[in-house]
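Here are some notes for a colleague who is opening this structure for the first time. They are set out as numbered points.

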Amino acid sequence: FPCWDEPVFRASFKLSGDFPAGFKAFSNTPIEHGEILDDGRSRVAFSATPKMASYLVVLVAGDLERLSGTQDSVEIGVVSTAGKRDTGTYALNISRDLLHYYNDYFGIRYPLPKLDQIAIPGGFDGAMENWGGIVYTERFALFDPRKSADSTRQDVFGTVAHEMAHMWFGDLVTMAWWDNLWLNEGFASWISTKVTDRFNPDWDVWLHANSESEAAMKLDARKTTHPIQQSIANETEASDAFDEITYKKGQAVLRMLESYLGEERFRAGIRAYMNQHQYSSTTTADLWNALDKASGKPVTKIARDWTTQPGFPVVKVDAVCREGRRKITLSQQQFSVDEEGQAERLWNIPIGIGILGGQVEYTLLQDRAMTLTKLDCDGVLAIDPDAVGYFRVEYSPSLRNALVAKLTQLPPALRLKLLADSWALASVGRLPASSYLDLLVSLGDESKRAIWSEILDRLKTLDKLTTSTPVSEAQRRKAVALLAPKFNSLGWQPGADDSAEVRELRGELAVALARYGDETVVVEARKRFGRFLVEPASLHPSLVGPVTEIAGRYADQATYDVLLALAGSAQSQEDAQRYADAISTAVDPKLASQNLQLALSDKLPQLIARGIPAAVADNGHGALAWSFAKAHGGELLKRVPESGQSRYLPEIVAQSSDAAVADDLLAYVKANLPPEALTEANRTADQIRFQARLKSRLLPQIAAALSVTREENAQ
């Protein structure tokens with residue numbers, strides 16, 4: 001409809017519409033009036049909205065059902081297509097808890113009379129924070145306790161928490177322009193993780209968030225990164241801003257600030273900000289001013305460095321003992337994977353310093369380097385021991401050795417940080433690759449799924465770098481030797497007392513072992529898949545995804561056809577996505593070619609089908625997928641929403657480590673896509689070239705490390 005579609009403009013909207021007989025309609029506000037027309041259609045008018053940005057208007061209609069309840073005098077509903085009403089129960093229950101929590105946290109009660117969570121079966125992937133009528137793709141709002149995996153429950157909770165946070169931070173108070181998009185998304189990511197941890201402490205969500213922030217740091221370490229707060233000139237640039245920097249770096253910076261200021265002072269600043277700016281638009285400076293006043297600390301000075309300049313630092317640490325006191329030297333330098341990285345940037349860095357098992361004290365590193373005397377000489381020194389800082393830590397050899405010697409005794413967040421930083425430092429030549437590989441061996445019987453996820457990501461990277469090289473087979477054997485003991489200790493059969501984390505870890509390890517050629521896992525998964533086809537209840541919901549993925553990876557034509565039929569006939573989006581993911585992993589080149597053709601067919605929902613080329617590329621058929629994408633680029637892009645078109649083709653080649661592919665991507669985009677698509681193409685080309693350099697640097701080191709391992713085994 002005609003409007004000024006910019007976030008700074010607010011208006012009150014009053015919608016009405018005529019709908020086919022039997023349709024139910026939902027918008028931002030409750031129905032004010034309804035009548036049946038002479039031709040059998042219904043005319044529905046909704047009450048007026050508060051003043052709000054036009055991009056938050058919603059109107060959904062169809063053969064729909066609604067499950068409802070009340071919390072804090074607000075009617076909460078979960079809307080789904082007919083026949084799926086009961087799978088909205090979980091979303092309804094958590095929405096009640098979340099509404100109450102946010103009412104208290106923000107100090108402002110949710111201002112609309114109702115809040116609907118609307119689950120639709122297709123169209124887009126994700127969710128949209130329309131005020132009073134949030135729209136989700138089904139798999140982020142519906143949960144079937146009989147069939148859904150634990151990961152689905154966690155995705156639903158996290159997504160609903162994120163979108164409901166926007167009812168305040170984004171809808172009640174709105175960014176003035178898209179250059180402040182991170183105010184919406186970074187904040188919603190941070191507080192949704194915080195509240196998820198509050199209600200589900202056994203999920204280790206902050207530990208997983210630390211692992212996920214590696215995706216942001218990977219992008220942020222390259223020359224093609226951008227600041228959290230970036231200049232936005234048009235709608236394409238606004239769409240491109242929805243990335244890991246905006247979400248994950250934004251979340252990490254806010255958590256770092258909250259830890260530095262303290263939870264109560266941070267919340268006091270947020271409440272003051274919300275009260276002052278409700279029903280209006282803001283900039284980042286408004287938030288910093290409120291936090292400045294609430295905390296009495298130089299938030300503006302600190303935050304400006306982290307939001308207006310790209311990249312992040314590595315903090316180098318050394319320490320000596322003098323007369324029973326520890327003299328600590330800290331220095332900073334931009335962490336960059338590019339030889340021409342901007343090393344002159346400086347940050348005001350809040351740094352927690354402590355010894356293992358002791359209290360954490362903060363200092364603010366404001367210059368290139370500083371020396372301070374803190375703590376006595378007992379214990380092992382740890383920098384950022386709670387792992388809340390958005391920076392790398394590079395210890396001197398003696399300090400690092402002391403930490404590594406205590407590896408299994410470190411708090412989980414510090415173990416994860418040491419692992420992630422070690423890989424990052426090895427990837428740029430600041431540590432030998434063997435230092436990282438030795439850490440993996442030293443972990444022992446690691447209990448935390450988030451740490452295993454970090455390990456699995458790095459093993460996958462190593463597998464991709466060594467594919468089609470002489471060390472590939474040895475690297476895969478090494479991966480199996482590392483993972484098999486943990487998987488064997490868990491076993492195939494879920495126990496009655498297993499936590500969600502254990503159930504998910506079991507499946508992730510099985511998939512990884514199958515990927516690296518563990519024949520015993522492959523055979524058992526195939527056997528269980530065969531039984532599942534006859535007796536679906538024979539597989540625990542946590543194993544349906546892993547078992548079908550392994551069956552899909554090593555499928556013959558008959559198995560492939562079964563999985564494709566299951567995907568096409570699935571009654572839930574969760575099931576359809578699961579079976580499509582399974583066939584997308586097929587190692588058989590003939591089946592990979594059939595997968596690519598699905599992207600142009602109607603055998604699968606378009607939302608699912610368009611993701612297949614990138615999945616095929618990610619599973620060993622990069623050249624095949626890229627050739628297909630170039631040959632059918634125009635047809636493929638017609639099936640992709642405009643907001644995602646600039647990323648679509650780069651995602652297909654993003655895992656390549658061949659610099660020639662980077663050149664080919666840029667040439668194709670320049671010749672076939674609008675000029676604004678070059679931003680994403682350049683970022684991906686830069687990533688590919690780094691992966692090519694990484695391969696060149698690490699392959700000799702990996703070969704040497706594996707050679708040592710073989711000699712040790714022979715002895």
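**Notes on the model**

1. Pro20 is partly exposed, since its relative accessible area is 39%. Keep in mind throughout that this is a predicted model. Pro20 belongs to the loop that runs between β2 (16-19) and β3 (24-27). Between the C-alpha atoms of Pro20 and Ala141 there is a separation of 26 Å, and the two residues are 121 residues apart along the chain.

2. Next, the sheet. An open sheet is formed by 5 strands, in the order β8-β9-β10-β12-β11, and its pairing is mixed. β8 (64-71) and β11 (127-128) are the edge strands, each of them pairing on one side only. Helix α1 (residues 89-106) packs on this sheet, where it touches β8, β9 (74-81) and β10 (114-120). The direction of α1 makes about 30° with that of β8.

3. Which residue of the loop between β11 and β12 deserves a look? Asn130 is found in that loop. Is Asn130 buried or exposed? Its relative accessible area is 5%, and because buried means under 20%, Asn130 counts as buried.

4. What is Asn130 in contact with, once its neighbours within four places in sequence are left aside? The residues are Asn28, Tyr55, Leu56, Val57, Val58, Val135, Met167 and Asp171.

5. Which helices each supply at least two residues of the lining of the second largest pocket? Among the elements that do so are α18 (557-569) and α19 (573-584). The largest share comes from α19, with 4 residues.

Key. Residues are numbered from 1 along each chain as its sequence is written. This is a predicted model: local features need pLDDT of at least 70, side-chain atom pairs count only at pLDDT 80 or more; totals for chains, interfaces and linings use all residues. Side-chain values use heavy atoms; hydrogens and water are left out. Two strands pair if DSSP finds at least two bridges between them. Contact means heavy atoms within 4.5 Å. Axes are lines fitted to C-alpha atoms, for helices over the stretch in contact, and angles run from 0 to 180 degrees between N-to-C directions. Buried means under 20% relative accessible area, exposed over 50%, partly exposed in between (1.4 Å probe, protein chains only).
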